[in-house]
Amino acid sequence: MVNTLPTERTPAAVLWDMDGTLIDSEPLWLEAEVAMLARYGIEMTTELRDRIVGSGLRTSAQLFRDLGVRLTVDEIIDEWATSVIAGLLATRPDWRPGAVELLQSLRDAGVPCVLVTMSVRGIADTVVRLLPEGMFSGVIAGDEVAHEKPHPDPYLRGAALAGVPIEACLAIEDSVTGLNSAFASGAVTVGVPNLLDLSDAPKHELWPTLAGVDAAQIAEAFARHADPSRAADPSPETAAGPENAPEPASRNAPEPAPALSGPLGYGDRVQLTGPKGRLNTITLVEGGEFHSHRGMIRHAEIVGLPDGSVVANSSGEEYLALRPLLSDFVMSMPRGAAIVYPKDAAQIVSLADIFPGARVVEAGVGSGALSLHLLRAIGPAGELFSFERREEFAEIARANAAAFSGSTPDNWTVTVGDLQETLPAACEPGSVDRVVLDMLAPWECVDAAAEALKPGGVLICYVATVTQLSRTAEQIRRSGAYTHPQSSETMVRGWHVEGLAVRPDHRMVAHTGFLLTARRLAPGAVLPDLKRRASKSDFTDADLASWLPDLGGADASEVWKPEAVGERGKSEKVLRKKAREARRIAEQRERGGSADG
């Protein structure tokens, strides 16, 4: 029978966790688990207890096997279940404070309740039989679901059993694992702590106890987060109970960016690391599957899991699932042009002192790697003005930014054209805090950058060769608008550290580029000459002309070509392919993981 909302302020069903939420059965579980571990000489530590509270039985049983319990998963679960059922029948049930009274209030108000537990059906049925008749309209047991908590599947099945949409349900949980499951399912979620601290777990409200709570207060809590005129507040940490929960924000607020932490969801980029350390980066989509020559993982099996979970494929091979860091993303994203490596991007952010709220100019964009780092550094209050000569590169960069952020950032403007021609129209003179030049001939833009920079602003240039470095430094000096330029090169060498085998890695990314920085002088200021002794390093214009031909009258457009400084170009066909790939990833992210198209 399909239930309907008695009123628009009442949940269509309440979904209950069992162990620790409805009944304090943890001592019975602990007794069974400690007895089993003791037979194998294994200690039940506080850390181990916290890991298994709220977890699925198969997950916990496998953990026991990993610790040295020489039984199969099914044998472990059967022994636990037999011991817990015997304990329930031998002693008076230890119901959690207010739980039975709330069940009676909900029954009298006509709100159906469904038990959603990771215990086996035998234990769940035993607990239900110990309650007054008619408290639960259905039971979802841990041995009857495809995915255990923290996956949302158990709560989705609970709503289906009640015949109502999950968004019309309120769930009550006492564990971090359970809250992850309920919150990811879409139910309004209330945490009631028992053994574990729930302050950092995903939830809508946190109540200290169910004592004194009735159906009317459940309806009020549901209305705060499910009423169409309200928006869910995922973590009101200060809520002391249903009577003083904080006022939620308006539903007209902008959609949040994809979560940087918490349970994995459709539309998220996920990095799967296999047994041999091979990385595979995918976008989670509805109905999607990840295939390798050793097996398959359905995307639905990953959705709802906490970041940093381990998931097994169809052949039992395990993969570590993590959201990729920004550095991981830029190293694997589709590329049109060579990227600025994370080691250099970090130095640019530091040496140029890119701060939250800064107005930053960047030229050129390439594939968007540096743009993503700059956007992260300036935050939502800053502005990034990027300039790129080639439309195809700009398109790939925009798509990569949307793929990483979920949409194109509102505080980012990408202009196609030469910086010298387009910068004056985009930024008022003296209004820019930082200028970052990553281009073939940055000396061409030194004067335009000076016009846009505030006094004291930073110019930082990224170049690949010593000829470009020298040419840029000399132009900065000749302009008279900057302090003396400072140059550097960043090298990062990894180390192999395993036991006593501690040594440098055999391979490293060595030279990638030079960084050149200078500060904008105040208008009219004349930089004092550096006091130094004359030396053999003194040079003349003739010397520069021999080293830098365009200073001696040669056509600079003929001298400074990508091929001349060792850049490898990509064919138009490859660029079109990379643009399509970047757009596809961005569209998946923006659709929230829908697999169509």
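Predicted model: local features only at pLDDT ≥ 70, side-chain atom pairs only at ≥ 80, totals over all residues.
**Overall make-up**

The chain contains 20 helices and 21 strands. Of its 597 residues, 49% are buried. Among contacts with a separation of 6 or more, 64% are between residues 24 or more positions apart.

**The parallel sheet**

An open sheet is built from 6 strands with parallel pairing, and their order is S3-S2-S1-S4-S5-S6. Its edges are strand S3 (138-140) and strand S6 (205-206); each has a single partner strand, so one side of each lacks a neighbour in the sheet.

Strand S1 (residues 13-16) is covered on both faces. Ala-13 and Leu-15 point to one side, Val-14 and Trp-16 to the other, and all of these are buried.

S1 is joined to S2 by 3 bridges, and the two run parallel. Within this pair, Val-14 has Cys-113 of S2 as its bridge partner. S1 also pairs with S4 in the parallel sense, over 4 bridges, and here Trp-16 stands opposite Ile-172 in S4. Further out, strand S2 (residues 113-116) pairs with S3, again in the parallel sense, with Val-116 opposite Ile-140 of S3.

Helix H8 packs on this sheet, where it touches strand S4 (169-173) and strand S5 (188-191). The direction of H8 makes about 165° with that of S5.

**Val-176 in helix H8**

Helix H8 spans residues 176-185 and includes Val-176. Is Val-176 buried, partly exposed or exposed? Its relative accessible area is 31%, so Val-176 counts as partly exposed. Leaving aside residues up to four places away in sequence, Val-176 touches Leu-196, Asp-197, Leu-198 and Ala-201. One of these, Ala-201, is 25 residues from Val-176 in sequence, yet the C-alpha atoms of the two are 5.5 Å apart in space.

**The antiparallel sheet**

A second open sheet has 4 strands in the order S8-S7-S12-S11, with antiparallel pairing. Strand S7 (residues 269-273) pairs with strand S12 (residues 318-322) in the antiparallel sense, and Thr-273 has Leu-320 of S12 as its bridge partner.

| Strand pair | Sense | Bridges |
|---|---|---|
| S1 and S2 | parallel | 3 bridges |
| S1 and S4 | parallel | 4 bridges |
| S2 and S3 | parallel | 3 bridges |
| S7 and S12 | antiparallel | 3 bridges |

**Helices H1 and H4**

How do the axes of helix H1 (residues 26-39) and helix H4 (residues 73-90) cross? They come within 9 Å and cross at roughly 135°, which means that H1 is oblique to H4. The crossing of the two helices is right-handed. On the H1 side, the contact is made by Leu-28, Trp-29, Ala-32, Glu-33, Met-36 and Arg-39. H4 contributes Ile-76, Glu-79, Trp-80, Ser-83, Val-84, Gly-87 and Leu-88. By class, the contact has 8 nonpolar, 2 polar and 3 charged residues.

**Two backbone features**

Most residues other than glycine have a negative phi, and most peptide bonds are trans.

Asp-353 sits in the loop between helix H12 (342-351) and S13. With a relative accessible area of 45%, Asp-353 is partly exposed, because the exposed class begins over 50%.

Gly-364 belongs to the loop between strand S13 (359-363) and helix H13 (369-378).

Notes. Residues numbered from 1 in each chain as written. Heavy atoms only, no water. Buried < 20%, exposed > 50% of the residue type's maximum accessible area, 1.4 Å probe, protein only. Contact = heavy atoms within 4.5 Å. Axes fitted to C-alpha atoms, helices over the stretch in contact; angles between N-to-C directions. Parallel < 35°, antiparallel > 145°, perpendicular 65-115°, else oblique. Left-handed = near helix turned anticlockwise from the far one by under 90°. Nonpolar A, V, L, I, M, F, W, Y, C, P; charged D, E, K, R; others polar. Pairing = 2+ DSSP bridges.
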